[in-house]
Amino acid sequence: MISFESDYSAGAHPLVLQHIIESNMECLPGYGSDVYCKRAQEKIREACGCPDGEVFFLTGGTQTNAVVIASMLQEYEGVIAARTGHVSIHEAGAIENTGHKVLELDGKDGKLEPEAVEAYLRDFYQDENHEHMVFPGMVYITWPTEYGTLYTRRELEQLAEVCHRFDIPLYLDGARLGYGLMSREADVTLADIADLCDVFYIGGTKVGALCGEAVVFTGKQMPGHFLTLVKRRGALLAKGRLLGVQFDALFTDALYFAISRHAIDMAEALRELFREKGYRFYLESPTNQQFIILDNQKMEELKEQVRFGFWEKFDETHTVVRFVTSWSTAPEDLEKLRELL
């Protein structure tokens, strides 16, 4: 079997794993207070061009979203997200489980439109009954989105401007951040994201780590006693070193960006392969997720030798499926797929 199912199917990048092994027998303090966490935090601040940023490591994306959102919202507030957003559909109600409602808006190709967010916020406060409603307390976006699409710098600027005008934070879920930054269509840098967002996270689980996400609070946005809030939600890792060691490796010699670039190179080759074979695309994605419309019979045939993801039904005889490349995708995988197609 060859796998294009996800970008976290493989374990860890060899250099990350090597760093874990080399540091394995060191006896270090817990809960993220070790030298590797501190070193990784400093490297991330430098990469973001955000010397005052506060960096905290958590183990996974859903956990990170639930902890960050709940810690930054008042108990009467909810979070605005695209109807197709990860917190809206693929996190099993984790946000609602914290007591905060996801306030869904229609988007376009996975993206929230700044005008729609502004209209929602304006209409909310113009409603004379708004004190009886869930207050919008944050805007949540993903970059890249669930459809592999990217907000432009201008779109991020507009969203940030709306959020600042209504005095609510802009939170960017960067589970696949590296793949967005390395896309040839991206006009956004890591420093831009740190400048425009109040909080974001740098995904490690899907970009070369065994597990781990690095949350970055900018502009003194980190909630007070955040470590205590993390522990209250059962998300504080005693062996915090595990996360620090991995991000220390990922942000040494720009490894994070190099392996992300490889995934984009593989995705571009994958896209051209499907085009050569005459397949249709559900939409155009410039990142490592590619959405293909397959004949149902062909889909069942491919399943016997290729792993890929179901996305949605297209019509009675066709299905939209997702092929994902990663840091671990090899050219040989593409050649095998070419033969099968």
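## Close-up views of a predicted model

Figure 1. Strand β5 (residues 135-142) contributes three residues to the lining of the largest cavity, the most of any element. Bear in mind that this is a predicted model. The structure holds one cavity of 30 Å³ or more, and the volume of the largest cavity comes out at about 50 Å³.

Figure 2. The peptide bond joining Trp143 and Pro144 is cis, with omega at about -5°. For background, most peptide bonds are trans.

**Figure 3. Inside the largest nonpolar core.** This core has 59 residues, and Ile44, Phe200 and Ile202 are the ones with the most contacts inside it. Helix α12 (residues 255-276) gives the most to this core, with six residues. There is also a second, separate core of 25 residues, with Val68, Ile69, Met138 and Val215 among its members.

Centre the view on Ile202 and you'll find that, leaving aside residues up to four places away in sequence, Ile202 touches Ile44, Cys48, Gly174, Leu177, Glu213, Ala214, Val216, Phe247, Phe251 and Tyr256.

**Figure 4. Helix α11 and its surroundings.** Nine of the 10 residues of helix α11 (residues 241-250) are buried, so the helix is largely enclosed by the rest of the structure. The buried ones are Arg241, Leu243, Gly244, Val245, Gln246, Phe247, Asp248, Ala249 and Leu250. What do the buried residues of α11 pack against? Their partners are α1, α2 (35-48), β2 (54-58), β7 (199-203), β8 (213-217) and α12.

**Figure 5. Cysteines without disulfides.** The structure holds zero disulfides. Cys50 is in none, and the nearest cysteine sulfur, that of Cys48, is 6.4 Å away. Cys50 is also buried, at 11% relative accessible area. Then there's Cys163: its sulfur is 8.8 Å from the closest cysteine sulfur, in Cys197, which is too far for a bond. Cys163 is buried too, with a relative accessible area of 0%.

**Figure 6. Two loop residues with positive phi.** Most residues other than glycine have a negative phi, so a pair of exceptions gets its own view. His225 isn't a glycine, yet its phi is positive at about 55°. You'll find His225 in the loop between β8 and α10 (226-232), and at 68% relative accessibility it counts as exposed. The other residue is Ala254, again not a glycine, with a positive phi near 55°. Ala254 belongs to the loop between α11 and α12. Is Ala254 buried, partly exposed or exposed? Its relative accessibility is 42%, so Ala254 counts as partly exposed.

Figure 7. Ser9 has its place in the loop between β1 (2-3) and α1 (14-22). With 46% relative accessibility, Ser9 counts as partly exposed. For a sense of scale, the C-alpha atoms of Ser9 and Val102 are separated by 29 Å, and the two residues are 93 residues apart along the chain.

Notes. Residues are numbered from 1 along each chain as its sequence is written. This is a predicted model: local features need pLDDT of at least 70, side-chain atom pairs count only at pLDDT 80 or more; totals for chains, interfaces and linings use all residues. Side-chain values use heavy atoms; hydrogens and water are left out. On a 1 Å grid over the protein atoms alone, a cavity is a set of points where a 1.4 Å probe fits but cannot get out, and a pocket is an open set with protein on both sides within 12 Å along at least five of seven lines; lining residues have an atom within 4 Å of a point. Grid points are joined across faces, edges and corners, and a volume is the space filled by probe spheres set on the points. Helices (H or I, at least four residues) and strands (E, at least two) are DSSP runs, numbered from the N terminus. A nonpolar core is a set of buried Ala, Val, Leu, Ile, Met, Phe, Trp, Tyr and Cys residues joined through side-chain atoms within 4.5 Å. Buried means under 20% relative accessible area, exposed over 50%, partly exposed in between (1.4 Å probe, protein chains only). Contact means heavy atoms within 4.5 Å. A disulfide is a pair of cysteine sulfur atoms within 2.5 Å.
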